[in-house]
Amino acid sequence: MGYFFDDLKNSFDFFLRNMITISRKNYTEKGVNTEKVFNCDEQKKLYSLLKEKYDLSPLYKYNDINFLTNLYFLDIFDKYIFTEKRDVSVLDIGSKNWNYAGSEYIFFGKNADELCLNGIELDAYRLCTNLYNRYEISKFYTKEFKNTNYIAGDFMTHNRQYDYIIWFLPFITEYPHIRWGLPLKYFKPEEMLKHAFKLLNDDGELLIINQGEKEYKIQKELYRGLNISYQDIGEVTNVFSPFKNKRFCTIVKPSRAKPRT
Ligand SMILES: C[S@@+](CC[C@H](N)C(=O)[O-])C[C@H]1O[C@@H](n2cnc3c(N)ncnc32)[C@H](O)[C@@H]1O
């Protein structure tokens, strides 16, 4: 029987969410107070380093937790991605409400004359606890960013080439996918990875972050199954991490990787 009834319920709810849209006042957040938000000297030190290197001004309108989350992601990009491209296209897969869009915009926009930043989310109309849906909330996180688009849709039907693809916490086992409220027909870890690889430009990079040792191991099996070579970064963390589970990173560069045909 497996997830038969959960899948039936998720499929029905997913259909309803995509039919019903409510309009209301724009979502907004009380900006961060940088005098109070840091809880240790290490955080202050890393914040100063990032501030020297990047224009963090878009992040100050985010609330405390989202401000710190964006610093967490920015530091990871800073450590593991190298970009000097002047004309850059970036895709974020499974953006949720895209509360970390700022970190991507700041990082990839730093040296770029032209940045196109897209975030794609299958379940864009799911309501959050504040009764705004993800799509509405994402407008707040991206509203000052040029050429930045939150796309409500299925990544499998998205076809554009990118220099960078960022993929935080792909669903690679059924259980979290079902718990997240998604219909099983969208559970396609291998096809999605293959598709992500296909959308990468030859000199592009795909960065994947997995949660927990088990998913990290499965991720590497997926690469091996598709004959995609990858750089194994291992555990990634820093003083801003708000996450209780360990996170692990792998990077794929098509110039060095070869998918199964
Ligand atoms: C575990 S969440 C991660 C959210 C976000 N990246 C983060 O790190 O906070 C995975 C997200 O991928 C989305 N997703 C799953 N399948 C998708 C697909 N085929 N196309 C676009 N988004 C998808 C889910 O709806 C969910 O929001």
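The numbered points below cover the basis of the model, the ligand site and the cysteines.

1. This is a predicted model, in which local features need pLDDT of at least 70, side-chain atom pairs count only at pLDDT 80 or more, and totals for chains, interfaces and linings use all residues. Residues are numbered from 1 along each chain as its sequence is written, and side-chain values use heavy atoms, with hydrogens and water left out.

2. Around the ligand are 17 residues, counted when one of their heavy atoms lies within 4 Å of it. Those that come nearest are G94, Y100, E121, D154 and F155. By class, this shell has ten nonpolar, two polar and five charged residues; Asp, Glu, Lys and Arg count as charged, Ala, Val, Leu, Ile, Met, Phe, Trp, Tyr, Cys and Pro as nonpolar, and the others, Gly among them, as polar.

3. Polar contacts are taken as pairs of N or O atoms within 3.5 Å. A polar backbone atom of F155 lies 2.9 Å from a nitrogen atom of the ligand, and a backbone N or O atom of L122 is 3.1 Å from a ligand nitrogen atom. In the side chain of W180, an N or O atom is 3.2 Å from an oxygen atom of the ligand. Of the 600 Å² of accessible area that the ligand has on its own, the protein covers 94% (Shrake-Rupley method, 1.4 Å probe).

4. The structure holds zero disulfides, a disulfide being a pair of cysteine sulfur atoms within 2.5 Å. C249 is buried, at a relative accessible area of 0%, whereas C128 is partly exposed, at 22% (buried is under 20%, exposed over 50%, partly exposed in between; 1.4 Å probe, protein chains only).

Methods:
Polar contact = N/O pair within 3.5 Å; in protein donor to acceptor, adjacent residues only side chain to side chain.
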